[in-house]
Amino acid sequence: MPWIVGVSGASGTPYAAAVLRALLEAGEAVDLVVSRASRLTLLDETGIAFRDAHWQDDLRQWLARGADGKPGTFDVDVSGVRYWSAGDLAAGPSSGSYPAKGMLIVPASTASVAGVALGLSKDLLQRAASVTLKERRTLVVAVRETPLNGQTLRHLVALDDAGATVVPASPAFYAGATHIQDLVDFVAGRVLDAAGVAHGLYRRWKGELGGGTPGT
């Protein structure tokens, strides 16, 4: 069964790329939903135009890019990905009878958070998330926004009450980050931790002070 990965329009497309690479490296199947707003963000942050008719080539180019913008940093096989258009409300993930392990929304914009919390289902990303909640499957929401107003905080509490796990895109520094990719991978790793997917994206805390110092 696949993991559904929804990419919303919040800034943070490197987080989504890191999660997707790690899922594929772990041998997981992925159903990918890229919102219309996220295509604008992806174009702005990477220069890549994500097109339905050429999604495999565009996805391969995106996932090969490092968090620092350098192309060709990673070699990624995207054959384990199935792509669904965000406007296709008849897609597999729109139904509870479609088999899936759960869903990861990364990055999650405040608009997508509100849509899922209120059950709007205005596009496939929101609908798939609503289905994930009603079927009592794992839903991880990697919200990427600052500051957070009261309305968004209430929506996040509603998602938590509904069974979702809220993972703020908030990198830590105890893992010995020396590169922007390390900070991105920490957030991606915490998303995968919440989903129970094994990975080696960051150095874990072992109860030893100074363990994250570069060179130790």
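In α3, the buried residues are Trp 55, Asp 58, Leu 59, Trp 62 and Leu 63; buried means under 20% relative accessible area, exposed over 50%, and partly exposed in between (1.4 Å probe, protein chains only). Looking down the axis of α3, these buried residues fall within an arc of 125°, so they line one face of the helix; the arc is that of the directions from the helix axis to the C-beta atoms. This is a predicted model, so local features need pLDDT of at least 70 and side-chain atom pairs count only at pLDDT 80 or more, while totals for chains, interfaces and linings use all residues. Residues are numbered from 1 along each chain as its sequence is written, and side-chain values use heavy atoms, with hydrogens and water left out.

**Around α3**

- The cover over the buried residues of α3 includes β1, α1, β2, α2 (36-46) and β3; helices (H or I, at least four residues) and strands (E, at least two) are DSSP runs, numbered from the N terminus.
- Setting aside neighbours within four places in sequence, Trp 62 is in contact with Val 7, Thr 13, Ala 16, Ala 17, Leu 20, Leu 42, Thr 46 and Ile 48, where contact means heavy atoms within 4.5 Å.

**The nonpolar cores**

- The largest nonpolar core has 40 residues, and those with the most contacts inside it are Leu 23, Leu 32, Leu 59, Trp 62, Leu 63 and Leu 104.
- A nonpolar core here is a set of buried Ala, Val, Leu, Ile, Met, Phe, Trp, Tyr and Cys residues joined through side-chain atoms within 4.5 Å.
- Two or more residues of this core come from each of β1 (3-7), α1 (13-25), β2 (30-34), α3 (55-63), β3 (81-85), β4 (102-108), β5 (138-143) and α7 (180-195).
- It's α1 that supplies the largest share of this core, with nine residues.
- There's also a second, separate core of 23 residues, and Val 33, Ala 100, Val 113 and Val 143 are among them.

- Leu 43 sits in helix α2 and counts as partly exposed, at 42% relative accessibility.
- Not counting residues up to four places away in sequence, Leu 43 touches Ile 48 and Ala 49.
- From Leu 43 to Thr 138 it's 95 residues in sequence and 29 Å in space, C-alpha to C-alpha.
- Tyr 174, Trp 205 and Leu 209 make a nonpolar patch on the surface, with about 400 Å² of accessible area together.
- Patches are made of residues with over 30% relative accessible area and no salt bridge, with like charges joined within 9 Å and nonpolar side chains (Val, Leu, Ile, Met, Phe, Trp, Tyr) within 5 Å.
- A salt bridge is a side-chain nitrogen of Lys or Arg within 4 Å of a carboxyl oxygen of Asp or Glu, and accessible areas come from the Shrake-Rupley method with a 1.4 Å probe; for residues, only the protein chains shown count as cover.
- Trp 205 is in the segment after α7 and counts as partly exposed, at 48% relative accessibility.

- Most residues other than glycine have a negative phi, and most peptide bonds are trans.
- The bond from Val 106 to Pro 107 is cis, with omega near -10°, and Pro 107 lies in strand β4.
- Another cis peptide bond runs from Thr 146 to Pro 147, with omega near -10°; Pro 147 is in the loop between β5 and α6 (150-161).
- Ser 121, not a glycine, has a positive phi near 50°; Ser 121 is in the loop between α4 (110-118) and α5 (124-134) and counts as buried at 18% relative accessibility.
- Arg 136 also has a positive phi, about 60°, in the loop between α5 and β5, and Arg 136 is exposed, with a relative accessible area of 69%.
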